[in-house]
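Here's a quick briefing on the pockets in this one. Have the model open as you read.

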Amino acid sequence: MLKREKGMLCPGPLKNYISQMTRIYPFLTAIALFLCLSVSAQFTKYSNEFLNIGAGARGMSMASAQVASVSDGTAGYWNPAALANIRDNPQLNLMHAEYYAGIGKYDFANLVLPLKDNKRTIGFTMLRFAVDDIPNTIFLVQPDGTVNFDNITTFSSADYAFLFSLAQQEKLSGNKLINFGVNAKVIHRVAGSFATAWGFGFDAATQIIGKRWKLGIVAKDVTTTFNAWSYSIDEQMREVFYMTDNEVPTKSTELTAPQLLVGGSYNFRLSKKLSLLAEADLDVTFDGRRNTVISTNPVSIDPRLGLELSFKDVFFVRGGINNFQQALDDKDTLNNRKIWIYQPSVGAGFKVGDVQIDYAFTNLANQSYPLYTHVFSLRVDLRRKEKKK
C-alpha cells in the first residue's frame, strides 16, 4: 500500500496513480469481502441456472467467453460495466433459441440508453426460459385404480429475469479506460398454478480497456440472490400426495451463491482488413464441489475459451469451448475409466449499416453427443435524429 510521508508531496504521476487506485480498490475489496462471506453460508446448488445459458449468438458461439471483450447491449447480461462503451445512440438486442426439438424456448431482449452527457449508460434486459405443455398426471389414476386419460391436463413452467443496469466510464493514464457497472435483478419463476417464486439480487462489474487488450471482472449475485417460493396446493391434490407418499411442499427460500467471472482478451491485427480476437475466462463458483477442471469444496473453477475472426469488422467467424467435465468412457465396459469432455460451439455474423445479425451453433451436452441447437440474434443501433439548426 502506498503511503504519503509527513511533510512530503506526491509527484504528479504518483498522485494520479493513487487517485486511480482509490477508485478501483473499494470495488475489488467489496467483491473479495462478499466472496469470503459466501464460503461459510448455506446455498442451493445450481440455483437459477437458467441465468447461465447465455445471451446473444455472438457470446454463445464463443462459448460464453465474453466478460472482457463484450461491447454491445448483451453486456447487460455478460458484464454490465461494458455498457458504458455504448455512447450517443440507443441499441436494441433480440435473441431466440429453442432446445430439445422446440420443447424449451429461450428468449432475450435488451434495450440500452446512453444518457445525454455520455458519462453514464442505462440498460433494461429481459430473459425468459420456458417449457410449455407439460402433462399434469396427478389425477391420471382414479381412487378405484382405473386410469382415466381425460384427467390429464397441461401446464407451463417458466423462468423470468429482469435486469436493470447502470454503467459509467472513467479515464486512466496512458489512454486506458475503466468502466464500472451494476445490475439490479428481479427473478420470477412459475410452475403452472402450483408454485411461484420471486427473487432479488445484484451484480457488480468492472472492465479495463487498453489499446488492444481488455480485462473484465464480474461478481454475480454479489449480495447473494434469494428466491422466496410459495405453493398453491388444493385439498384434492394434497390427498393424492398423501396417498402416494409424496411430500406436500410448503413455503421455502432458495439462496444463490455469489459467482466470480474473470477474463482477459487480446485483439491481434493480422492485416489491415483481418483481425483475430481471443478471450479466456474463468468461471468461479462458491456453492460446493462441481464437475469442473478445478473442483474443491466449496470453490470450483471452469475455464472458457473463445475466438472471433473479423474481416473489416463486417463479417465474423467464431468458435469456442467450455464446460470441461470428466465423464465415464463409453468404450470402457467396466465403467472405471474417465475421460475429459467439453462443450464446443461455432458461429458467424455480419453487419450491414446499423444492423447486425449473428448465428450460433452450440452443443447442449459435449462433443460426444449431437445435442445441438441453433441460436439467432439481432442487434440494431437506433440512430438519434439530429436537431435542425
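What pLDDT does the protein average, and what share of the residues score at least 70? The average is 83, and 86% of the residues reach at least 70, with pLDDT being the predictor's confidence in each residue, from 0 to 100. This is a predicted model, where local features need pLDDT of at least 70, side-chain atom pairs count only at pLDDT 80 or more, and totals for chains, interfaces and linings use all residues. Numbering runs from 1 along each chain as its sequence is written, and side-chain values use heavy atoms, leaving out hydrogens and water.

**Confidence**
- Over residues 1-41 pLDDT stays under 50, and the model has 32 contacts (heavy atoms within 4.5 Å) for them beyond four places in sequence.

**Largest pocket**
- Its volume is about 970 Å³.
- There are 36 lining residues, and Glu49, Asn52, Ile53, Asn323 and Gln343 are the closest to the centre.
- Several strands (DSSP E runs of at least two residues, numbered from the N terminus) give at least two lining residues each, among them strand 14 (315-328) and strand 15 (338-352).
- The lining splits into 13 nonpolar, 16 polar and seven charged residues.

**Second largest pocket**
- This one holds about 770 Å³ of space.
- Of its 30 lining residues, Ser69, Ser71, Lys214, Asp313 and Arg379 lie nearest the centre.
- Strand 10 (259-269) is among the strands supplying at least two lining residues, and its three residues are the largest share.
- By class, the lining has five nonpolar, eleven polar and 14 charged residues.

**Terms**
- A pocket is an open set of points on a 1 Å grid over the protein atoms alone where a 1.4 Å probe fits, with protein on both sides within 12 Å along at least five of seven lines; lining residues have an atom within 4 Å of a point.
- Grid points are joined across faces, edges and corners, and a volume is the space filled by probe spheres set on them.
- Ala, Val, Leu, Ile, Met, Phe, Trp, Tyr, Cys and Pro count as nonpolar, Asp, Glu, Lys and Arg as charged, and the others, Gly among them, as polar.

Definitions and conventions:
Helices (H or I, at least four residues) and strands (E, at least two) are DSSP runs, numbered from the N terminus.
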